Amino acid sequence: MKSVSTIIGVALLFLATLCFFVHWHALVPAFTVLGIAMITRKALEPLIIGCAIGFALLAQHGGSEEYFPEGKGMIFPLNMFDGMFTSIARDAHDQGLIWVILVCILYGAFVQLLNASGGIKAVARYSENHVTNKKQSLIMTYFLSFFFFLDDYLSALSVGNTMRPITDKFGVSREKLALVLTMVCVPITIIFPISTWTIFYGTQIVAIDGGVLDAAGVAITNPIQAFLGTIPYNFSAWISLIMGGLIVFQLIPDTKAIKEAEANVKPIEPAAIKIVKPNAKPGKLVYFILPILVLIWCTVFPYPFDMDYWGSFTFSSEYIFGSIDALRGIVTAVVFTYMYFLLFKVIKFNKISKHFVLGLETITFVLTVLGFTYLLKDVQNALGFNEFVVANLQGISWLNSATLPFIVFALVAWICWATGSNWGIYAILVPTTALLSHTLGANFWLSQGALASGTVWGAAACFFSDNRVLTAQSCKVNMMQHGISQFPYQLTIFVASSVLYLIAGFVL
């Protein structure tokens, strides 16, 4: 498997070199990052090198007035240093990077506090009464992921940390645990109408110039209502959930990489996996359930004293779905959990503080990778990556109403796979996809579903996406090993989804 990935990596580096000589500079950083990542199986170093090459190319072009105005005319590497500050400042202003950083570090602290209280171990103990073998441990992992539909970060971090001790006990490789998580945690957030993904994606649809009309010809203003129209057509997400179920029920054989990982795992002896030491105070299930309930409730609903919301509350989708705020939820949950554990003496103050800081520290590498992912996205945009894609999309001669959904899905899927970006690509291409579907007479909701589906597949298949980083971190597995071992399944999902979009394009 390693030799295959090396060959693919060398081929990608060759493509990067070819793109440089034919002046397709916008593609050089992405192919470089992928090539080095495939060869080294590292995440951070390829991103740094890709960003450096991008800024070196940008210096040749004289800089970018739009993306890095202060660095315009600077030589490399000075423009890269300036670009880091500019990118962070821009994302802080747009509440993008800062939102991700706050959510990541607080989720890290939240999970660490639950772990320190024994709450997560209590779930493991409770689960042991119902889980008696390897297959059941994977089935529980699969279905537990459905309860964390609000956000893929929440799912990846919570389920991975909760189920890892149980799957370790029964000899499940951490690569396979991460595989099952990947099959659910991103797809479920775009299938279930209440999630951070559906809020963001629905907002982009509502913002399309000219508006979007429902079946009755009335303009849609609610993001959730807008996104509901795409859910039946998110084929890659549906296929991923189905394939995840087939994997845990052992109806799909393991790939070579997963088989090798499984063969290298030895089940832990019962004496070695005691959840609680004989003299230790066991954690309670309520230490896990209560903070999670607070997290979910405060993510969906505003605070009780927010009379602007509750004073005129109505059971409408605009009210219930339109108030979701993942940052509000995790901030409230962390504060509540900290005070609850302190006041009820669940954990001593010194231990609470220690584990709170430890939770922040464990997410440092994740944040570093995310920071360079954002920087790579910005430098590629400065080199004209999005314009290059749109121009070539519009220039395809056999583009018509029947083939548009397939082309949108396939192109966006590989763009997101190559860049590690999904929300940004989606936001950029929503108006273009809407324009093309209107011009060509294609099914609007099918085309938008294909666009959303492509970003979901790219996020799940990319070796260095934020979800890949968080899943690997919670499952305690090498990120590149995880990315490579689950990639054959993702290719199957891509092929099946492509076929469905071709058929739907001709039928609908």
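Modeller: Start with Arg174 and Asp168, whose side chains meet in a salt bridge at 2.6 Å, N to O. A salt bridge here is a side-chain nitrogen of Lys or Arg within 4 Å of a carboxyl oxygen of Asp or Glu. This is a predicted model, where local features need pLDDT of at least 70, side-chain atom pairs count only at pLDDT 80 or more, and totals for chains, interfaces and linings use all residues. Residues are numbered from 1 along each chain as its sequence is written, and side-chain values use heavy atoms, leaving out hydrogens and water.

Colleague: Is Asp168 buried or exposed?

Modeller: Buried, at 14% relative accessibility. Buried means under 20% relative accessible area, exposed over 50%, partly exposed in between (1.4 Å probe, protein chains only). Arg174 is partly exposed, at 29%.

Colleague: How many salt bridges does the structure hold?

Modeller: It holds 3. One of them joins Lys134 to Glu262, with the closest N and O atoms 2.5 Å apart. Lys134 is in helix H7 and Glu262 in helix H14, 128 residues apart. Helices are DSSP runs (H or I, at least four residues), numbered from the N terminus.

Colleague: New topic. At what angle do H24 and H26 pack?

Modeller: About 175°, with their axes 11 Å apart. Axes are lines fitted to C-alpha atoms over the stretch in contact, and angles run from 0 to 180 degrees between N-to-C directions. So the two helices, H24 and H26, are roughly antiparallel (over 145 degrees).

Colleague: And which residues does Ser498 touch?

Modeller: Phe406 and Phe409, not counting residues up to four places away in sequence. Contact means heavy atoms within 4.5 Å. Ser498 sits in H26 and is buried, at 7%.

Conventions
Parallel < 35°, antiparallel > 145°, perpendicular 65-115°, else oblique.
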